[in-house]
Amino acid sequence: MIVSGSCLCTSVGYEVRLPFAKFVNCHCSRCRKASGSAYAANAYVAPESFRWTRGESLVVRYDFPQARSFSTSFCGKCGSPVPHLTRSGREVIVPAGSLNEEPGVRPSANVHWTSRPRWSLTSSELPIEG
Ligand SMILES: [Zn+2]
Ligand SMILES: [Zn+2]
């Protein structure tokens, strides 16, 4: 099964072939900065299970110099996170919030859980409004 994704402005589009090799919520400080959110929902696929469908030339990559392996990519037009190949070249990390469709699976774990700030709560700890 193939699912598609895009950035907010839809200029950048991609497709991934399921299943994901791994799907986790990462609470590390780098993922928080890169996503601007409490955690990053990161899905992993093999490079051969990923392809850009449009806008690849708009993708801006940032290799965090202080880290051995941390990188991020985003749309140069709207700034949304988009998938990136890890520096090892072994996998593509897909920001799950950029998917257009339900992948049919949920994250299997919280990683770097102890790095989370105190305001970062699990959804079961919060009331549902709207
Ligand atoms: Zn965009
Ligand atoms: Zn992380």
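Here are some notes on a predicted model, point by point.

1. The largest pocket holds about 810 Å³, and 38 residues line it. If you want to find its centre, look for Cys31, Asn42, Phe70, His84 and Ile93, which are the closest lining residues to that spot.

2. Which elements give two or more residues to that lining? They are strands S3 (22-26), S4 (40-45), S7 (71-75), S8 (81-82) and S10 (92-95), together with helix H1 (29-35). S4 contributes the most, with four residues. By class, the lining of the largest pocket splits into 19 nonpolar, 15 polar and four charged residues.

3. The second largest pocket has a volume of about 200 Å³. Its lining includes Asn25, His27, Ala38 and Tyr39, and also Asn110, Trp113 and the run Ser120, Leu121, Thr122 and Ser123, with Leu126 as well. No charged residues turn up in this lining, which has five nonpolar and six polar ones.

4. Now for the metal. The zinc ion (ligand 2) is held by the SG atoms of Cys26, Cys28 and Cys31, at 2.2 to 2.3 Å. Along the chain, these donors follow the spacing C-x1-C-x2-C. Are Cys26 and Cys31 buried or exposed? Both are buried.

5. S7 and S8 are joined by two bridges, and Phe74 has Pro81 in S8 as its bridge partner.

6. A backbone detail to check: the peptide bond between Leu18 and Pro19 is cis, with omega about 5°. Pro19 sits in the loop between strand S2 (13-17) and S3.

7. Two residues other than glycine have a positive phi: Thr10, near 70°, and His112, near 55°. Thr10 is in the loop between strand S1 (2-6) and S2, while His112 belongs to the segment after strand S11 (109-111). How do they stand for accessibility? Thr10 counts as partly exposed because its relative accessibility is 44%, and His112 is also partly exposed, with a relative accessible area of 48%.

Methods. Residues are numbered from 1 along each chain as its sequence is written. Chains are lettered from A and ligands numbered from 1 in the order in which they are written. This is a predicted model: local features need pLDDT of at least 70, side-chain atom pairs count only at pLDDT 80 or more; totals for chains, interfaces and linings use all residues. Side-chain values use heavy atoms; hydrogens and water are left out. On a 1 Å grid over the protein atoms alone, a cavity is a set of points where a 1.4 Å probe fits but cannot get out, and a pocket is an open set with protein on both sides within 12 Å along at least five of seven lines; lining residues have an atom within 4 Å of a point. Grid points are joined across faces, edges and corners, and a volume is the space filled by probe spheres set on the points. Ala, Val, Leu, Ile, Met, Phe, Trp, Tyr, Cys and Pro count as nonpolar, Asp, Glu, Lys and Arg as charged, and the others, Gly among them, as polar. Donors are N, O and S atoms within 2.8 Å of the metal (3.2 Å for Na, K and Ca); water is not among the atoms, so sites may look incomplete. Buried means under 20% relative accessible area, exposed over 50%, partly exposed in between (1.4 Å probe, protein chains only). Two strands pair if DSSP finds at least two bridges between them.
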